[in-house]
Amino acid sequence: MSQNNKERELLDQQDMTLLEEELHKHFVNNLAPVPEELEDRISATILSSNGPATNKRRYAKYLAAIAMLLGIFVASVKLIPAFAVYASNIPVIKLAVNWLQGDSGTENAKNHGYKEIEGITLEENGITVELSSIMFDEDRLAVTASAYGDRIQAILDEVEAVNSEIKEAQLNAPVAEGKEPLGLLSVNVTFKSFENPGGIGSTTYDSDRHKSFVDVRAEKIFEKGEAMAFLSKEPKYLTLEVEVIWHKYRDVNEVIHVFKDIKLPFDKADFMMSKGYDINMSIPLQHGQLLLEELTISPTRMRLDISYDMEEGYSFVGIEKPYLMDSKGNKYMQEGLVSTSRQSDPYSKVSYYFVPSKYFDEVDEMYFGFEEYYIGEASEYDFTVSLEENYPKSFTYMGEEIIIEKVSYGPTTEGRNSLWIDLLLPPALKNFGSLKIEAEELGSSFGYTDMGNAAPTPVYFGIEVEPRQEYRCKLQFAGYRYPFNKTIPLN
Amino acid sequence: MEEIHVKRAQRGDKESFAAIIMPLRTEAYRIALCFLHNENDSMEAVCSAVEKAFKSIRQLKKASKFKSWFIQIVVNECRLQIRDRNRQQSLTNRLAVELPDSRDIAADKMDLEKLLMSLEPMDRLVIHLKYYSDYTLREIAELLQLSEGTVKTRLYSRLKWMKLQLDVREE
């Protein structure tokens, strides 16, 4: 660029800067006054408004867990992404692989020669069901079931049409009278070959595919010895049953069709056994200890069985970001199924799952670590609230003050009256979002935690319950944070 | 604290909604005025935006984005008003929509206010947001749902044009 051009450009830039400064001054010096009546008009607008439109399909945005026929084996299941429909604020994490085909663990196993069982397609009464990505080993039996066809499409179209109409009407009124939104279709898989045929399933409704398909990734987690007991009978088939269910209205489920007695041939020669390693070591915690019992390495994932022994009055709530690590420093994290717990034993047990698996590598040394852990109170009820009292008030939990900011009674998004409790949690406590009310069933509460950086952390609960003089409440899965940040060699 | 109010507002709490909306009324009004140049129309646009924001607040995923989300609704309300207004006005009464050729400048003096008035409402808004409200180009782009490149090009081409008009006036 010539010297003249450079100078001209510099002059232009200076002129532009001057103009920008002029503009700024002009705006500041010529500010139009804001009419005083604006505030009143805005207030009147808010007062006369019907409030937020209800969004009947908000659950369609989240992955939903359908726990099928949970037996005494599995008392609770934790999955990531957050599969619980009520946990509306937990961010959905993208899976590393197409979740319908499995996870990082199944992907790794297939790359090392793990053979899937051949899938099958069935058609009955205008519904087609495809069973695919079938994996069977000593750890689990997993299958993807996809339903589609004319009958499915008709129901999906009806749900879309009715719910869109209701949503449009609700822009002008909170709840369209006489119209209840229609629920979604789901697919349930039952593993009939086994005495305990139940499992867990995960599905999603938030993609274009689900305008025509209903998918579930179903899995049966085996108890120790369960798969081997089945194989000892020299079976030639795995037997499954698939139900297509329409969760039509809140308390109304309609079974659309059942595919019974589905037989999947399999070759026992392809079956892969797990490798178990006894550990038997304890990790001291505040108010108790963790007992690391066994590490089971299966083809598609690794499982660490832990039990915990706590001092009286305390409960073990959980650990943050657990991982396994090998001698080369490779970390094995959690994806999909995080943990399962069982309460049939004297000491409660938790199993943590990690992917991918070391099954196909040499296992010399393994380590276990986590960032922090949470200890809660074992009391039956933590605090009492009343609609007739004034708030804020506070109560103490694990030596920390929790503020009850507000207690009110009002409608849910579905127009049903609920008790609403707003809490502020101090930074030392972590809450996983559940509240129990005396005499109400577990799972009737819904709540969410602010995921921002506010401290103390706001946590809100809503529980559908009738008006009472007072309510005795229990914070479930809330714990005091204790940092850990160590990696323990497993013996 | 605002995030608590947003969460409560999402549950229908009018008091909480008012607590987060009122602090934004001045900025919202000035943006509407920049567009509409009419006090009553601007207040109407702001109130319509308030009503729509309250109705659709459950769609807001991040409480921290409340301000930019609301201002976007205000801008959209203003656009609707302009569209309805343009349907009623004849072409000759409309504000200039083409960037005038610098040779076609009117002989009258054009001060800064008149220059701004002669711009398209959207261009006027971009300049207002940049030089009065101190938004960055990226923030403006997000607000107006345009690419940052488009906003930058439009802004600087309008500034260049304005500078030309002012230079001609000085001559």
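Let's start with the aromatic residues of chain A: Phe354(A), Phe368(A), Phe370(A), Tyr373(A), Tyr480(A), Tyr482(A) and Phe484(A) come together in one aromatic cluster. Keep in mind that this is a predicted model. Counted over all chains, there are 23 aromatic pairs.

One of those pairs is made by Phe27(A) and Tyr132(B), with ring centres 6.4 Å apart and planes at 45 degrees, which makes it tilted. As for accessibility, Phe27(A) is buried, at 11% relative accessible area. Tyr132(B), on the other hand, comes out at 22% and counts as partly exposed, because the cut-off for buried is under 20%.

Another pair is found within chain B. The ring centres of Phe17(B) and Phe54(B) are 4.3 Å apart and the planes meet at 15 degrees, so here the rings are stacked. Phe17(B) is part of helix α2 and Phe54(B) part of helix α4 (residues 39-55), both in chain B, so the pair ties together parts that lie 37 residues apart in sequence. Are these two residues buried or exposed? Both Phe17(B) and Phe54(B) are buried.

Now look at helix α2 (residues 14-21) of chain B as a whole. At the start of α2(B), Asp13(B) has a side-chain oxygen that comes within 3.0 Å of the backbone nitrogen of Glu15(B).

How does the chain connect with itself along the sequence? Taking contacts in chain B between residues at least 6 apart in sequence, 67% join residues at least 24 apart.

Strands bring us back to chain A. Which strands make up the open sheet of three, and in what order? The order is β6-β9-β10 (chain A), and the pairing is antiparallel. In this sheet, β6 (185-191) and β10 (252-265) of chain A are the edge strands, each with a single partner, so each has one side without a neighbour in the sheet. From one strand to the next, the twist averages 20 degrees. Strand β9 (residues 237-249) of chain A is joined to β10(A) by ten bridges. To pick out a position along that pairing, Leu238(A) has Leu264(A) in β10(A) as its bridge partner.

Last stop: Ser146(A), in strand β5 (residues 140-148) of chain A. Its relative accessibility is 5%, so Ser146(A) counts as buried. The side chain of Ser146(A) has a polar contact, at 2.7 Å, with the side chain of Asp215(A). Leaving aside residues up to four places away in sequence, Ser146(A) touches Thr128(A), Val129(A), Glu130(A), Arg209(A) and Val214(A), along with Asp215(A) itself.

Technical notes
Residues are numbered from 1 along each chain as its sequence is written. Chains are lettered from A and ligands numbered from 1 in the order in which they are written. This is a predicted model: local features need pLDDT of at least 70, side-chain atom pairs count only at pLDDT 80 or more; totals for chains, interfaces and linings use all residues. Side-chain values use heavy atoms; hydrogens and water are left out. Two strands pair if DSSP finds at least two bridges between them. Helices (H or I, at least four residues) and strands (E, at least two) are DSSP runs, numbered from the N terminus. Axes are lines fitted to C-alpha atoms, for helices over the stretch in contact, and angles run from 0 to 180 degrees between N-to-C directions. Buried means under 20% relative accessible area, exposed over 50%, partly exposed in between (1.4 Å probe, protein chains only). A polar contact is a pair of N or O atoms within 3.5 Å; within protein, one must be able to donate a hydrogen and the other to accept it, and residues adjacent in sequence count only if both atoms are side-chain atoms. Contact means heavy atoms within 4.5 Å. Rings of Phe, Tyr and Trp (its six-membered ring) pair if their centres lie within 6.5 Å; planes under 30 degrees apart count as stacked, over 60 as edge-to-face and the rest as tilted.
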